[in-house]
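Me: I have a protein model open and need to get my bearings. Can we go through it bit by bit?

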Amino acid sequence: MSDIIEGIGTATQGGLFARALEPASGAKKRHPDQPDECANCGTKLEGAYCHACGQQAHLHRSLQGVIHDVMHGALHLDGKMWRTLPMLMVRPGRLTRRYIDGARARFVSPMALFLFSVFLMFAVFQVLGIGVGSSPTQDDSIAQISEEIEQATADAKAPVEQLETEDDHTVLASNEDGSANLKLNPTGIAWLDEGVTRKWRDNPSLMLYKLQANAYKFSWFLIPISLPFMWLLFVWKRRFKIYDHAIFVTYSLSFMTLMFVILSLAGAAGITAGWLFTIFATIAPLHIYKHLKGAYELLRFSATWRLVALIICITMILVIFLQALFVLGLF
């Protein structure tokens, strides 16, 4: 029950953060009961808002109005959410292009939508119990990892000699007494990797918790990491600026985050992991293709080769982001 309450609180917090970035669009008709002059500054009113100070002309004085403001501000985002989401799902390129070209009052801004989707994703993860829970204690984590090592050694009936991953980023080697020694090389910098290894060896559960928490708090870092790669894909097209790429990346990340939310709920409803992976592997590249083609007004061939290049770039972006999370875990 507490996970559900925490999840609702997290989603509401995300809505409030997004709302702070996303003011009302002002697309309202004049209220029949509004006064002729602004109650705040006394300016003569010509519409639903004062053109001098920006205050809304008609002010409610009821408990129902207060409740509406809370729900509206936390979750509704002034009705723009319901105009933005359908376009993000079906016509992402048109949404991005219209926003870049100046049609911004009708749609939720990319950053506000991204913040809301990230908060919503982790709220759903909390409710469904996905990921690491509360921060573990060091004694518990050491006891747990020691028990797992002893069990693995007993099952193998022999000390672990050496297990090395293909990318040489993780090494599990045996000491003279047969105990395991974990070595991580996420960055290639000796002193930094030594610190990461020591932290994971001493308190792996805490590091997993930090990894998840940092992924949540620093998810926005994916945006600046992605911009140089997007710039390279359009380096000879001077029409498109870094701002265009930032809008594209942020809307795209928002969609992927919301898709993770839907797939997580589908998994909780009983859909198998194989089907979930198939759905993701089908929808994600198709969405990126449509997004590229529409946002940058590309022909099919141009959109296709950029899709292939961008998928490769996404792999590198995720590696860089994961390395950053490892380093942040030291602090």
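**Walking through the model**

Reply: The protein chain has 12 helices and 3 strands. Here helices (H or I, at least four residues) and strands (E, at least two) are DSSP runs, numbered from the N terminus. This is a predicted model, in which local features need pLDDT of at least 70 and side-chain atom pairs count only at pLDDT 80 or more, while totals for chains, interfaces and linings use all residues. Residues are numbered from 1 along each chain as its sequence is written, and side-chain values use heavy atoms, with hydrogens and water left out.

Me: What pLDDT does the chain average?

Reply: The average is 75, and 59% of the residues score at least 70. pLDDT is the predictor's confidence in each residue, from 0 to 100.

Me: Where does pLDDT stay under 50?

Reply: Residues 1–13 are one such stretch, with 20 contacts beyond four places in sequence. Residues 170–174 are also below 50, and that stretch has 25 contacts beyond near neighbours in sequence. Contact means heavy atoms within 4.5 Å.

Me: How much of the chain is buried?

Reply: Of its 331 residues, 37% count as buried. Buried means under 20% relative accessible area, exposed means over 50%, and partly exposed is in between (1.4 Å probe, protein chains only).

Me: And which residues touch the most others in the largest nonpolar core?

Reply: Met230, Leu292 and Tyr296 do, in a core of 56 residues. A nonpolar core is a set of buried Ala, Val, Leu, Ile, Met, Phe, Trp, Tyr and Cys residues joined through side-chain atoms within 4.5 Å.

Me: Which helix gives the most to it?

Reply: Helix 10, with 12 residues. Elements that give two or more residues include helix 9 (222–233), helix 10 (242–268), helix 11 (273–295) and helix 12 (300–328).

Me: What else is there on helix 10? How many of its residues are buried?

Reply: Helix 10 is mostly covered, with 19 of its 27 residues buried. From first C-alpha to last, helix 10 reaches 39 Å, close to the 39 Å expected at 1.5 Å a residue. The expected span is 1.5 Å times one less than the number of residues. After helix 10 comes Gly270, with a positive phi near 115 degrees.

Me: I clicked on His245. Is that buried or exposed?

Reply: His245 is in helix 10, and it counts as buried because its relative accessible area is 0%.

Me: What is His245 in contact with?

Reply: Leaving aside neighbours within four places in sequence, His245 is in contact with Leu227, Met230, Trp231, Phe234, Phe240 and Tyr296. Of these, Met230 and Tyr296 are also among the residues that touch the most other members of the largest core.

Me: Next, helix 11. Which of its residues are buried?

Reply: They are Leu276, Ala284, His287, Ile288, Tyr289, His291, Leu292 and Ala295. The cover over the buried residues of helix 11 includes helix 3, helix 4, helix 9, helix 10 and helix 12.

Me: What does Leu292 touch?

Reply: Not counting residues up to four places away in sequence, Leu292 touches Met230, Phe234, Phe248, Glu297, Leu298, Ala303, Arg306, Leu307 and Leu310.

Me: Where is Glu297, then?

Reply: Glu297 is in the loop between helix 11 and helix 12. Its phi is near 55 degrees, a positive value in a residue other than glycine. Glu297 counts as partly exposed because its relative accessible area is 48%.

Me: Change of topic. How many disulfides are there?

Reply: The search of the whole structure finds 0. Cys50 is in no disulfide, and the nearest cysteine sulfur, that of Cys41, is 3.6 Å away. A disulfide is a pair of cysteine sulfur atoms within 2.5 Å. Cys50 is buried, since its relative accessible area is 4%.
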